[in-house]
Amino acid sequence: SLVWAILLLGVAFALGDGGYNINILDPATSNNREVSKLLWWVMGFAAVIFVVVIGAMTYIVLKFKKRGNEVGEPPQFHGNDRLEITWTLIPFLIVCVIFGLTARGMFEISQVPPDAMPVKVTAHLFWWDFEYPEQGIRTSNELILPVNRPVNFEITSNEAGPAKPVIHSFRVASLAGTQDAIPGIVTTRWFKPEKEGVYYGQCAELCGASHSNMRFRVIVVSQAEFDRFVQGAKAFQPPAPTDAAVAKGQQLFNAQCTACHAINNTQHQSKIGPDLTFFGNRLTLGAGIWNNTPERLEAWIKNSPGMKPGSLMPPFPQLSAEDARSIAAYLESLKVEGLDFSKLPKF
Ligand code: CUA
């Protein structure tokens, strides 16, 4: 079992993705600290058991091996009460200790701090929607949070829409374990991020063709930066087009895209697809699978299911390359000024 544990740890360490340091042994929340502490306890017991068992085996094999011209069976012994009680009692005590530590950890993790900021998480096929009821704002696929403030997530899965509702799972490895997103049910999980940075999130429940492409980012910033973001998002206005392409893009977007996509402080408030209010500040597109560049965005607008199997955004083969480029230019212009998340460390 130790060999397996080491192999699994190796896999966990190797899972760096695009410079992300996804590592449950370098916890950035008190909850993950509890979990990694527990892991070390279990690993410690496993290591001791490994050494004792392999040591005893080696000793017995060497000491009692057949020597010279010995013949026949060695003397046979049956039953040893003291030995049997010892080897039953020790594992029982170990299990009791691990049970106690686990129960304590579970209790710690389940206590939601009273000052936790609520965030509503809705899992869709195949993207994530985040609402901040206290601040009255919404984001999609990239969740911005203030450092050192506990956050309580109310997690569910979208029941509306053309596809059958399915179970997803909210997981940000460096911040918290998994929490299922279940249609018609609200589950909760809380954590307090302690380090500024960009954290890699991933759907952790097989949900369909693009389960592995259902990613997100949690961007943890200082309180001042967070306040700037909230102000900017609330008061957001699509900037006046700087050139003809952006103006054309705005026109096309308003005509074609707003059946599903919303932008703050405009008449377009559909919640069918991801919110695009400050799309220009996003690091990624397609729910965390591509870097947000105008070229990728243009390709995405023309044929999103080609870039992400099962994407519910229809392809637009009739859209000219120029028009797709205009829409991309308009979306990239949607920015809360002064925010840049690209320099933050990645976890
Ligand atoms: Cu959603 Cu897997």
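## Basis

Buried here means under 20% relative accessible area, exposed means over 50%, and partly exposed lies in between (1.4 Å probe, protein chains only). This is a predicted model, in which local features need pLDDT of at least 70, side-chain atom pairs count only at pLDDT 80 or more, and totals for chains, interfaces and linings use all residues. Residues are numbered from 1 along each chain as its sequence is written, and side-chain values use heavy atoms, with hydrogens and water left out.

## Salt bridges

A salt bridge is a side-chain nitrogen of Lys or Arg within 4 Å of a carboxyl oxygen of Asp or Glu. The whole structure has eleven of them. D340 and K343 form one, at 3.9 Å from N to O; K343 is exposed at 71% relative accessible area, and D340 is partly exposed at 42%. E34, K37 and R104 are linked in a salt-bridge network.

D323 pairs with K248 at 2.8 Å, N to O. This pair links distant parts of the chain, with D323 in helix α8 and K248 in helix α5, 75 residues apart. D323 is buried at 16% relative accessibility, while K248 is partly exposed at 33%. R325 bridges to E298, with 3.3 Å between the closest N and O atoms. Since R325 belongs to helix α8 and E298 to helix α6, the pair ties together parts 27 residues apart in sequence. R325 is partly exposed at 48% and E298 is buried at 16%.

## Helix α6 and its cover

Helices (H or I, at least four residues) and strands (E, at least two) are DSSP runs, numbered from the N terminus. In α6, the residues L297, E298, W300 and I301 are buried. They line one face of the helix, because they fall within an arc of 160° seen down its axis, the arc being that of the directions from the helix axis to the C-beta atoms. The cover over these residues includes β11, β12 (290-291), α7 (304-307) and α8, where contact means heavy atoms within 4.5 Å.

G249, in helix α5, is buried with a relative accessible area of 0%. Leaving aside neighbours within four places in sequence, G249 is in contact with S326, I327 and Y330. G249 and L331 are 82 residues apart in sequence, with 8.0 Å between their C-alpha atoms.

S174 sits in the loop between β6 (168-172) and β7 (176-181) and is buried at 3%. Not counting residues up to four places away in sequence, the residues that S174 touches include N21, P27, Y199 and F347.

## Pocket and cavity

On a 1 Å grid over the protein atoms alone, a cavity is a set of points where a 1.4 Å probe fits but cannot get out; a pocket is an open set with protein on both sides within 12 Å along at least five of seven lines, and lining residues have an atom within 4 Å of a point. Grid points are joined across faces, edges and corners, and a volume is the space filled by probe spheres set on the points.

The largest pocket holds about 910 Å³. Its lining has 48 residues, of which W127, H261, I272, G273 and P274 are the closest to the centre. Elements that each supply at least two lining residues include β1 (117-124), β2 (127-132), α5 (244-256) and α8 (321-332). One cavity of 30 Å³ or more is present. The largest cavity has a volume of about 40 Å³ and is lined by Q256, C257, I301, F316, L319 and I327.
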